[in-house]
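Q: I am new to this structure. Please take one part of it and look at it closely.

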Amino acid sequence: MKQAVILFALILLCPCLTAGSQYVYLTNGFEPSAANLALGGNPVAAVNFWHNDPLTSFSNPAFTSLQNGIRYSSSSYNFLKIHLSNGTGSLDYKASITAVGHNGIGLLASIVPEYGYETSYGEIGVYDEFGDLLNTIELSERAEIYGLALDLNEFCKKNIPTVKFMPESVDLALGVNYIRNSNTLTGKTRYANSFDMGLLLRSPLAVSHNLQIEGALGASMFNVFNDSQKYINSNGSETIYRRLNMAAGVSANLKNTSFATGRSLGMENIVSMRLLGGGCWEIASDEKSWGIGTELGLVDLFFLRVGKHKNEKGFIEGTSYGAGLRLHYKNLIGLRYDFAHFPVVRGSKDKKCDSFGFDIDIIGLVNSRSLDKN
Amino acid sequence: MKVIAIVPLVITIVLVMLGGCRSTTAPEADSAWLGEADPNPMQVGTTTSIPVKTPAGEVVYLFINNSLGQPVRNYSIVSGTNQVVKWDGRDQDGRICASGVYYYTLLTPSFSDTHKLVIIR
């Protein structure tokens, strides 16, 4: 009752409506990573590569190249907390991505399960003119995702050391994700393809014996080639969800000096602090969003996150927050859990996201054991 | 008293006979009510009818959101009994909405209900 009154009042104060409904496959616009959601959401996601989480590669495909080993991560949330009197299903969003990286090259795929994300809208009944139920349609959108990324300096250093076309202090990563979108809005599965591209530029800003400060700029674009899906009943097509993301971030790490000597259990950093900020632009609808976020990490184990998200039109804004736990050994094998609270449409309940994942760098582990024996 | 108690039942029966009610919840005499859009799924170029019932003396709103939660269209409805809101599948700026799932919500100070609607192009 109270919530309804608040929402009622807010609607009266919100005459500006959006045109975000000019796209199909709108759920490409959801952020799957709980870490990103806690830090302000989509606007900061283009730069937040400081996590061993393949879900972050959804918002910037370049991130896939930055980590070694096999990584898997999965997240889920209910993205519209509303009461549906006629709904028989939920409004669930699930994302799962697997990535492999080695020596500056990274591959990403939605393997387990076969889709990178799935949005389930439940079902609707189809009635005839007399009001009799003809059949029901299960409504869902899915995306299979396959990605390729290259960390140029790392790749050249490890594979073709004679080639040096960039200063060593600057690192540039590039990536592309192929998205095979599908939906069941007509009762049958329809497909449409699109491509996302991203880049990340990072450089150390200050380095001392136990302090490291790093700056990064990230940019990505969803549906970079302006792909579309054909109409069912007439000529023409409609554009798949399209968005430009740009963000910047600074990370400061107080280093664990015994990590390099091997006398540490895997805590590379004692304390880490990150500041991120960025914006998104939905091109066709000319809709902009901004976000800022900060993260505090303790011994690479606990992470506290808080952020702020604001939509230009003001209908989605508020504070986001969350936390993360990462159990790992020398960044070679690890388990992670993250959760986030994120603001949704004003007056509605917050979006709550849970994410878990694991990573293992088999080659790194073998090398580490060899070094230990020697 | 018996006559008063029978009124909601009679209204429900009449609505069902007229084919104007497909909701799983029958409307009560003095409360707001939101029915099923017809047709649903709707195709671009057509108009879908959303039956609503609003309590006397209240101005209520029907608003339509997309699956990202973004507002698409708002209607203010002057109180009345059984009314029909006709939506042409366009946003507030007159642009045709893309294929997808949309949510329409009837909101009064004391009532809120949301249904799904699918647009197909």
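This is a predicted model: local features need pLDDT of at least 70, side-chain atom pairs count only at pLDDT 80 or more; totals for chains, interfaces and linings use all residues.

A: Start with a pairing. In chain B, strand β2 (residues 42–43) runs parallel to strand β8, and two bridges join β2(B) to β8(B). Within this pairing, M42(B) stands opposite I119(B) of β8(B). Strand β8(B) is the part to follow here.

β8(B) covers residues 111–120. Another partner of β8(B) is strand β7(B), residues 100–108. Here the sense is antiparallel, and nine bridges hold the pairing. One of the facing pairs is T108(B) with F111(B), the latter in β8(B).

Now look at burial. Of the ten residues in β8(B), seven are buried, so the strand is largely enclosed by the rest of the structure. In a regular strand, side chains alternate between the two faces of the sheet.

How far does the predictor trust this chain? Chain B has a mean pLDDT of 76. In chain B, 74% of residues reach 70 or more. Among the elements of chain B, strand β3(B), residues 48–53, has the highest mean pLDDT, at 91. Helix α1(B), residues 2–17, has the lowest, at 44. Residues 1–5 of chain B have pLDDT below 50, and this stretch makes zero contacts in the model beyond near neighbours in sequence. Residues 7–26 of chain B are also below 50. That stretch has 27 contacts beyond near neighbours in sequence. For the model, the scores are ipTM 0.80 and pTM 0.84.

Definitions and conventions:
Residues are numbered from 1 along each chain as its sequence is written. Chains are lettered from A and ligands numbered from 1 in the order in which they are written. A residue is buried if 20 or more other C-beta atoms lie within 10 Å of its own, exposed if 12 or fewer, and partly exposed in between; C-beta atoms are placed from the backbone. Helices (H or I, at least four residues) and strands (E, at least two) are DSSP runs, numbered from the N terminus. Two strands pair if DSSP finds at least two bridges between them. pLDDT is the predictor's confidence in each residue, from 0 to 100. Two residues are in contact if their C-beta atoms, placed from the backbone, lie within 7 Å.
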